[in-house]
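Subject: Structure handover

Hello,

Here is the structure I promised to pass on. Please open it first, then read my notes below.

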Amino acid sequence: MKSILQIFTAIVLVLCSFLFSTPALAQNGKVVWNATIHMDAVQAESTSDSWGLAILRVTEDKKLTYKIIVHQVDEGDALSNAHIHYGARGVNSEFFIPMMAGVMNLGKNVTIQLTDHQYEVLVNGTQPIYINVHSHTYPGDSIRGQIRD
């Protein structure tokens, strides 16, 4: 039952995020790449009950707009940051795009300027990459979602 509720909630969140955030994102230029990533503890190999979504859009002016939504953060834990990393499913690797520090931007549309390299990896790259949300209890990774295998 819990997984059905999670799937339903995820679908509703994705639909709402596109309905409410599309006009703001369109002002940044033509969207050239986007992804909606489901994140969970299974992919992160942690024992956290947390799960979430990351909505990512890259525009032609090399801006990444994202929204990270996390549910069921373990009692007593706090999210610390999020990154996009190089790496295949189940493989930990270095990050190349820092996304958030602390929870002040959690659930909000945030826009950052990408370097030429970051833009090329996201839009034209073929290497595996993933998004990782870290917490105080799980500093390695609390939840994770594969962007590209």
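Is K62 buried, partly exposed or exposed, and why? The model is a predicted one. In this model K62 has a relative accessibility of 26%. Buried requires under 20% and exposed over 50%, so K62 counts as partly exposed. K62 lies in the loop that links strand 2 (51-59) to strand 3 (63-71). Its phi is near 65°, which is a positive value in a residue other than glycine.

Q72 is the next one to look at. Its phi is near 60°, again positive in a residue other than glycine. You will find Q72 in the loop between strand 3 and strand 4 (79-86). Q72 has 39% relative accessibility, so it counts as partly exposed.

Now the overall layout. The protein chain has three helices and eight strands. Along the sequence, their order is α-β-α-β-β-β-β-β-α-β-β. The chain has 149 residues, and 48% of them count as buried. Its accessible surface is about 7600 Å². Carbon and sulfur atoms account for 59% of that surface.

Next, the core. The largest nonpolar core holds 30 residues. L56, L64, I68, I84, M99, L122 and I131 have the most contacts inside it.

L56 deserves a click. Leave aside its neighbours within four places in sequence. L56 then contacts W33, N34, A35, I37, L64, T65, Y66, I84, M99 and I147.

Last, the end of the strand list. Which way do strand 7 and strand 8 run, and how many bridges join them? They run antiparallel, and five bridges join them. Strand 7 covers residues 129-135. Strand 8 covers residues 143-148 and is mostly covered, with six of its six residues buried.

Over to you.

Best wishes

Key
Residues are numbered from 1 along each chain as its sequence is written. This is a predicted model: local features need pLDDT of at least 70, side-chain atom pairs count only at pLDDT 80 or more; totals for chains, interfaces and linings use all residues. Side-chain values use heavy atoms; hydrogens and water are left out. Helices (H or I, at least four residues) and strands (E, at least two) are DSSP runs, numbered from the N terminus. Buried means under 20% relative accessible area, exposed over 50%, partly exposed in between (1.4 Å probe, protein chains only). Accessible areas come from the Shrake-Rupley method with a 1.4 Å probe; for residues, only the protein chains shown count as cover. Two strands pair if DSSP finds at least two bridges between them. A nonpolar core is a set of buried Ala, Val, Leu, Ile, Met, Phe, Trp, Tyr and Cys residues joined through side-chain atoms within 4.5 Å. Contact means heavy atoms within 4.5 Å.
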